[in-house]
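Q: Hey, can you walk me through this one? I'd like to hear about its rings and pockets.

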Amino acid sequence: DRLRERARPWTFERAAHEAGIDAAALRAGAEAYASTNPAIIRCGWGQERNRNGGSASLAILALPAVAGKFGVRGGGYTMSNSASWGITRTWIGSEEPATRVINMNQLGRALEDSDRPVKVLFVYNNNAVVTSPDQRRILRGLEREDLFTVVFEQVMTDTARYADIVLPATTFLEGYEIARSYGTLSLRLGKPVVEAAGESRSNAEVFGELLERLELRHDGEPSGELEEMLAVLTQLPQPIGAELSERGAATPPHGGRPIQFVDVWPLTPDRKVNLFPEALDAEAPEGLYAYQSDPGTAAFPLTLISPASERTISSTLAELPRPEVRLLMHPDDAAERGLTDGDAIRIFNALGEVRCNVTVGAWIRPGTVSLPKGLWRRHTANGYTANALVPDSLTDIGGGACFNDARVQVEKLSN
């Protein structure tokens with residue numbers, strides 16, 4: 001009933017107007033979903049990277065429940081399946097220490113906090129300079145003379161260039177790991193296929209040595225990457241651990257073809273769908289399923305998105321050569337600003353600006369511009385990427401990054 005109450009104001013016409021699509025097309029899509037069985041929703045992550053991301057994701061995941069799509073093969077929804085194996089980290093053996101926790105989506109804010117200054121920054125598995133919001137603020141923080149920064153990396157990233165010490169890290173080809181798949185039901189044991197290059201070491205080795213030097217290792221705890229891997233394998237649910245040890249792959253649960261509400265159930269106390277969790281309603285600034293209006297203004301009317309490309313799905317491998325990076329803009333938006341294909345431009349808002357050339361094409365919708373995801377600073381004319389234009393505001397639920405809430409203006413550079 002509470003979901004119905006929140007949904008009632010959103011007619012097809014209102015939703016279509018807000019989304020900039022045709023109301024008849026939206027209605028046709030809803031009717032096709034409602035009348036089709038089996039029907040499955042494949043939910044990704046892009047829709048959650050804005051101020052309404054949590055409620056948007058919950059609304060999508062509520063559809064199979066309200067439309068009665070569960071209980072049959074090929075019905076329901078699929079998202080990430082990495083949690084399907086029921087693995088908990090029993091091997092850690094200690095509680096999380098009561099230390100300060102910083103949301104990495106607000107790293108720049110934390111680095112500039114003079115009341116509670118961050119004095120040591122250890123960066124691993126991350127290239128924050130080009131992947132976290134409010135890039136210019138992060139750079140100012142990293143430039144602090146009183147900040148000691150260690151970057152544990154495979155290549156000299158933009159973040160590593162700000163390090164006091166760079167520690168060489170191994171790649172997945174040089175170490176052990178237990179790899180759970182993202183979309184399919186697969187769990188495998190990864191083994192090294194080449195020797196570690198130079199003095200590079202794995203996460204387990206480096207953090208293990210830090211424990212030794214800080215005298216935090218307990219007697220009997222595993223030491224080194226191989227010992228830690230063996231310890232994890234013995235504590236995995238059976239027969240998963242034994243299968244990984246014996247043949248390097250585990251048999252998927254339910255034959256890899258589970259039916260929702262037949263083989264698998266929600267992890268709620270009553271194993272039922274909770275369409276209106278009170279805790280999430282309290283967490284969301286405007287309440288669960290509420291809509292916070294578009295942050296665009298007359299000064300900055302364009303929506304900047306940064307989707308993955310055939311070159312990068314993150315900043316990994318962006319050290320490799322790539323073609324010239326350009327902003328993609330619709331012809332109507334380009335004409336309004338006197339721009340033609342190939343012009344040098346600045347993309348800007350109150351947080352900063354990015355300089356590059358423009359590609360004018362009708363394969364992007366009016367009002368939206370696009371700059372590829374995962375760029376490094378050397379890919380643009382002035383050394384800033386799309387993250388320089390992304391606010392460090394957080395999603396309504398979960399504290400996620402609002403990458404798709406960047407609103408910008410674009411203008412031609414005179415020369």
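This is a predicted model: local features need pLDDT of at least 70, side-chain atom pairs count only at pLDDT 80 or more; totals for chains, interfaces and linings use all residues.

Q: Okay, and which ring does Phe 152 pair with?

A: Phe 152 pairs with Phe 122. Their centres are 6.4 Å apart and the planes sit at 65 degrees, over the 60-degree cut-off, so the pair is edge-to-face. Phe 122 is in strand β3 and Phe 152 is in strand β4, 30 residues apart.

Q: Is Phe 122 buried or partly exposed?

A: Phe 122 is partly exposed, at 28% relative accessible area.

Q: How many aromatic pairs are there in the whole structure?

A: A search finds eleven. One of them is Phe 70 with Phe 261: centres 4.8 Å apart, planes at 45 degrees, so that pair is tilted. Those two are 191 residues apart in the chain.

Q: Which residues are in a cluster linked by ring pairs?

A: Phe 70, Tyr 77, Phe 261 and Trp 265. Phe 70 counts as buried because its relative accessibility is 19%, under the 20% cut-off.

Q: New topic: what is the volume of the second largest pocket?

A: About 2000 Å³. The second largest pocket is lined by 45 residues, with Trp 10, Ala 15, Ala 56, Ala 59 and Tyr 291 nearest its centre.

Q: Which element gives the most to that lining?

A: That's α4, with seven residues.

Q: And how does the lining divide into nonpolar, polar and charged?

A: There are 23 nonpolar residues, 13 polar and nine charged.

Definitions and conventions. Residues are numbered from 1 along each chain as its sequence is written. Side-chain values use heavy atoms; hydrogens and water are left out. On a 1 Å grid over the protein atoms alone, a cavity is a set of points where a 1.4 Å probe fits but cannot get out, and a pocket is an open set with protein on both sides within 12 Å along at least five of seven lines; lining residues have an atom within 4 Å of a point. Grid points are joined across faces, edges and corners, and a volume is the space filled by probe spheres set on the points. Helices (H or I, at least four residues) and strands (E, at least two) are DSSP runs, numbered from the N terminus. Ala, Val, Leu, Ile, Met, Phe, Trp, Tyr, Cys and Pro count as nonpolar, Asp, Glu, Lys and Arg as charged, and the others, Gly among them, as polar. Rings of Phe, Tyr and Trp (its six-membered ring) pair if their centres lie within 6.5 Å; planes under 30 degrees apart count as stacked, over 60 as edge-to-face and the rest as tilted. Buried means under 20% relative accessible area, exposed over 50%, partly exposed in between (1.4 Å probe, protein chains only).
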